[in-house]
Amino acid sequence: MSHESFSSYVKVSFLLIANNPSCTNFAGLSVGEMVTTPKFTLLEVMSAIELMEPKMDVGVGASHLKTLDDAIADGLYGDDMPMQLAVMDATLAMVVAWLEGSSLGTTVWTNVMLANVAKITHPLFHPFAAGINLLVRNIYSLVNNVGNLEELPEDFNPQNLFNNQTWMHRRDIIIMMREQMHALERQGASWSKETGSRRAVEICTACSARLEFVTLMLDIMSYLMPPEIENPHFDHKIYVGGHEPISEKDYEDLEKLRLEDAEEQREEPKEDTVEDTSPGKKEHKKNGKKQKRKKNKKHAKQAKKESPKTSPTKPEEEKPNSSSANPAESEDVDDEEEYMEDEDDCSSCDDPAQFTPNFQFAAVLSDRLIQISHLIKNTVILGRRGPDNEDGDYKWLMPFDSKACVRMIPACFPRSVKYPTRMEAAVWWTECAQRIYDLSRLPPKSTKDINMLFFFAQQFTVKSCVFTRSLLQVIMFPTDAHLMGGNTTCAEPIEDSLKNNFMPQVLDKDSPVHDDPLARQLYLNFLNQMSKLAVNVYSSFGCNLSRQRDRLEMALEELAHIQFYAGQVEKRTDEVMIAAKMIDCKEQNSSFHSIASFVFHNLVGIIHYYFELGFRMDLFVPYEFPYIFWFLGEIDAKWMMTTMERSQEIQLNYWKGSSLSTTLNQRRQKEKQAREADLKRRFVVHQFNVLNQYAISLICEGIVKLSVILIRKGIVRVPDGGDEAERLRFERRFEPLQNLGPPLNVNYEQFKAKTRIDELYQVEMNDLIDAAAENFNQAKANLEQLDNTVEQNRTNLFVDTMWSMKRLLNSSELLQITKSNMVACRLLKMMNLEGRKVEWTYPEQLPMYPYLSIK
Amino acid sequence: MQLKMSEGRSRDLIESQATEPAEKSEVHKKVQEYIGKRYEVQLTDGRFIRGTMIATDKDANMVFNKADERWTVKADRPVRFLGQAMISKKYVKKMCLLPDPKETEI
């Protein structure tokens, strides 16, 4: 569109000028009379932005937008290292403000350097700005790809800055930053020599640390994220294995060669597709595979020759991503071992490759990242202080202008942005570094079974930011539903959990059900559904707490539907076992309803987490506690105990029924002892969990009574409306459970009958307080027993990861809660509460179980 | 359809005329000629707003549809899309009628 000068347009300003004859046209309208287009409605225009009104118009006060030249004229390139350090820290603070929920235009892009990287000539700011720009684009791409955009919705409108631009490669940016780091080191050393002052070295080290921090973040992301997510704007490359992707043209040539080979192979005699274990077939298959691998190796070598060389910053003996530390992969023995025997190099040049995160390298780098983040935190004070010691919105620093990128802010009302101080941001980055460290070490260990997988995700996402939540999602499912890009899907941990805890007949090789084709098919259907649900639930952990809760409601319905598939497998199991005369009736089956129990166990677990999220988001008010805690204690905790006890019973029955348990064969004694030890360990954990749940049910009972006491004393007010209003509130709270059927679908009458709550309102106050105290006392006794159990069996319990430790810490937190509530009961009985503040307090670790504080 | 604010009658504030719309006044017809056209408005703070005027009133409070905002008239500079925007007369420095867009050849 060609430019037309303003003067060529027909001016109509006269319409608006008073005392002009044409203006009287407007003045001639009556009050309230509007002249509109035919389809105009006032309702539509309610959301119109009133321009020049500061509360509605973001563009007010942006008459002069600061440019890079303005910043340079203000002294940006001055030889002032404390100021430079302050600029770097402020930039990192802006990234934190963005990740905490504000838009890019009001945070990161307020630094004019970041939108004009190519024009910066300063030796320190140029690499730093390039690095931060790339980091922001990578994080943007990551969050966009995962799709958990709730906290950052406005930024995912088309961003002008990202379109139609060419950017430096990550490798070049990192080289630039490392060169500057070396230069700073030399500079610091020479200044220190000249002046004899340590300060010079400290400041140079501090600046170098910021650069190193950015390089480490970029490197770690490159190891943990697939390249098409990590850097989607660069050069349209395609990943075929190894660390560097290849260009599209090279990929086209590779594809042509592969197609030619495929045609040649089609002319060869076809192999059986059904798995045939006859030695001849195996050998033929092996040879066929060898031929294919050799050809692919040749093609891949050819592609590799033409691809760019790896970065000099990477170690030469760098392992390919496919050799990540995934225990599931190490169990996939046969084909891998054959392959390793045949191939002596280029194990990454296999068939077109799934990206797998390289945890080893990422762990090493993230260890260093933690150290650097602490160094940054300790050196924030070396930067220039803000006016009156306030950082504010950093306008006092040359490159920052809060309106600099007002063009980037979408059409919405202005929002107040909370800018963290540089110290707050530095603390935030140390926590983020710790989370990244956890991500580089723990996900492979968390795939042992489904409980560990979800427990890790739950604990991780509670306090993580949108960046690390998204990173967890991409690490676990980098390209598709395979865990960590490996050969396993969620089906494997699900099956492991089933096998270890519920031992269904269909998974027992000695059982006739195992070989029954229909039972296998039904089981596979069930497993398929369960895996899909597992992936959906896991992906919900990438969202914020509110969205997680919404998605859990959907998961509850799906899990209830999966009961149908579980029921089909159970039915077939019973039929086969009765037909094989192993049992006379289905109840005699030692693993009767094992799969259904497994599904129910997970259903109860998800419900528990659903309520936990409600407490974390502060959704429940104290006058709702009677029915909320009744459900958590009477239904949730008790059914969780039931499923755990059932699991223990099944495992014990299975062990007793197995030939290994009664064998006298000397050669098998070692195996028998190992299995017994393993079983003993499991039972200790089961016992721990059962006692824990029992204690929780007692605590919930106590809280119900305490809530009634507070209502009776007038400390907690219930809204008007009596039972009817309470019924409506009850039904609203338990609406997501409506479709689940008994025992989880509860109604108000059930609550009234089971708790006998009307009696609790009549009983003597002191008796009620004593009853509540007794509940807490019993819970305390159980938890103390639990504590001793932990101490006595510390070597037996699965404390191999910090996440196992956290589960143990939860029980000590519960002990504190019970003790606090016992004290509160005593005070309620003895003390006059007038003038005292009595309220429920929610512990940070376990907000689900509050304690009463009286101040 | 003419919309009228209530004149003291105890009815809804904004009511549509149940009967046939009254004959529009000459003034109304004259102002109507400016509705539905595209304008460029320069605000007192220097911004340029382009949009199609869809409503106005006695005090020349104007509502624009498909409005965009720019800080310079140069065509190569970025533009921020606003959607619907309302501009009060007191903030208008200049206002120009934009020519009709030329037909593009496909």
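Analyst: A residue counts as exposed when its relative accessible area is over 50%, and as buried when that value is under 20%. The model discussed here is predicted.

User: Is Arg756(A) buried or exposed?

Analyst: Its relative accessible area is 53%, so Arg756(A) is exposed. Arg756(A) sits in the loop between α25 and α26 of chain A. Its phi is near 50°, a positive value in a residue other than glycine.

User: Which residue of chain B has a positive phi although it is not a glycine?

Analyst: That is Lys66(B), with phi of about 50°. Lys66(B) belongs to strand β5 of chain B, and it is exposed at a relative accessible area of 57%.

User: How many disulfides does the structure hold?

Analyst: A disulfide is a covalent bond between two cysteine sulfur atoms. Over all chains the count here is zero. For Cys543(A), the closest cysteine sulfur is that of Cys465(A), 14 Å away, so the two are too far apart for a bond. Cys543(A) is buried, at 4% relative accessible area.

User: How should I read the side chains along strand β6 of chain A?

Analyst: In a regular strand, side chains alternate between the two faces of the sheet. In β6, residues 838–841, Val838(A) and Trp840(A) point to one face and are buried.

User: What does β6(A) pair with, and in which sense?

Analyst: β6(A) pairs with strand β7 of chain A, residues 851–854, in the antiparallel sense over four bridges. Within β7(A), Leu852(A) is the bridge partner of Trp840(A).

Key
Residues are numbered from 1 along each chain as its sequence is written. Chains are lettered from A and ligands numbered from 1 in the order in which they are written. This is a predicted model: local features need pLDDT of at least 70, side-chain atom pairs count only at pLDDT 80 or more; totals for chains, interfaces and linings use all residues. Side-chain values use heavy atoms; hydrogens and water are left out. A disulfide is a pair of cysteine sulfur atoms within 2.5 Å. Buried means under 20% relative accessible area, exposed over 50%, partly exposed in between (1.4 Å probe, protein chains only). Helices (H or I, at least four residues) and strands (E, at least two) are DSSP runs, numbered from the N terminus. Two strands pair if DSSP finds at least two bridges between them.
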